[in-house]
Amino acid sequence: NLIFRQTTPVFGEGLMELVQNADILANMNANRTLKQGLGISGQPSIAADGSISRLGWKAQGRSLMLFAGDAYNIEEGITNELSPNELNQTPGCAFNAFTEDHPNFNHFRAHNFDGDPDDLANFMRFLAPPTPAAQGTSEQNGQVQFNNIGCVLCHTASFTTPVAAIPALSKITFNPYSDLLVHHMGPCLADNVVQGNVMGDEFRPPPLWGVGQRVFFMHDGRTTDIVEAIQDHSCAANSQYPASEANGVIGAFNALSGQNQQDLVNFLRSL
């Protein structure tokens with residue numbers, strides 16, 4: 001099964017990595033009546049250890065370390081201690097007695113000792129979230145509309161990290177505009193990729209920070225038009241997949257005045 005995919009930005013993922021499972025679940029259960037009225041449910045992506053995954057288009061990554069290990073092997077073909085098996089198991093094609101990347105036990109300085117996934121995970125962990133632009137009257141009204149029609153029910157405005165050993169990531173309130181759950185988005189967006197308990201039509205609401213700097217939108221980069229990307233959230237059910245959970249919200253967006261729609265877009269572009 002092949003599908004086009006945009007690479008997910010990793011800015012601010014060190015903060016998302018630390019959000020507590022309980023906080024994700026509490027946010028999922030908040031505003032339950034309002035969500036049900038709009039057809040929004042959502043569920044956590046459950047990792048093999050029973051914790052909540054939250055990184056990637058399908059929220060398939062639990063930690064940046066595992067995320068890096070998978071990427072090294074699956075996307076670049078470099079086996080490592082986190083993902084040690086060659087994907088190509090053709091006899092005679094495995095030339096290494098050990099994983100291609102591993103700690104160097106002859107060097108005891110941290111950078112030389114660590115394997116590459118350790119270093120890449122730390123690099124991603126400390127990438128700061130994008131800084132939003134200053135908001136004027138239009139953007140401020142756009143945020144009001146974003147909240148009123150229910151966008152914020154999936155694109156959650158903020159989370160706070162717990163006390164952490166790293167001061168730069170400890171007790172930080174940040175604004176990803178994602179609930180870190182996965183939602184049914186209907187057959188129009190379905191990629192038929194199943195990862196863990198996440199089905200072929202389910203996606204994590206991508207963090208909206210930095211969306212004003214992006215050129216292509218949606219998981220497959222299908223459009224450069226942010227309004228078209230909003231409309232693409234809506235889709236009726238078919239025999240394989242249920243209707244998109246965003247249908248009620250998109251209906252509310254379409255009912256806004258032209259000015260309020262433009263203000264909402266201006267708000268998104270300011271993030």
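Tutor: Helices here are DSSP runs of at least four residues, and strands are runs of at least two. Counted that way, this predicted model has ten helices and six strands.

Student: Why is H7 called roughly perpendicular to H10?

Tutor: Look at the angle. The axes of H7 (residues 137–148) and H10 cross at roughly 100° and come within 7 Å. Angles of 65 to 115 degrees count as roughly perpendicular, so that is what H7 is to H10.

Student: Which residues of H7 meet H10?

Tutor: Among them are Ser138, Glu139 and Phe146, and on the H10 side the residues include Asp263, Leu264 and Leu268. By type, the contact has four nonpolar, eight polar and two charged residues.

Student: What makes a set of residues a nonpolar core?

Tutor: The members must be buried nonpolar residues, such as Leu, Ile or Phe, joined through side-chain atoms within 4.5 Å. The largest core here has 28 residues, and Phe146, Ile149, Leu264, Leu268 and Leu271 touch the most other members. H10 gives the largest share, four residues.

Student: What does Leu268 touch?

Tutor: Leaving out residues up to four places away in sequence, Leu268 touches Phe146, Leu208, Val211, Gly212, Ile226 and Ile230. Another core, of 20 residues, lies apart from that one, with Val10 and Met16 among its members.

Methods:
Residues numbered from 1 in each chain as written. Predicted model: local features only at pLDDT ≥ 70, side-chain atom pairs only at ≥ 80, totals over all residues. Heavy atoms only, no water. Buried < 20%, exposed > 50% of the residue type's maximum accessible area, 1.4 Å probe, protein only. Contact = heavy atoms within 4.5 Å. Axes fitted to C-alpha atoms, helices over the stretch in contact; angles between N-to-C directions. Parallel < 35°, antiparallel > 145°, perpendicular 65-115°, else oblique. Nonpolar A, V, L, I, M, F, W, Y, C, P; charged D, E, K, R; others polar.
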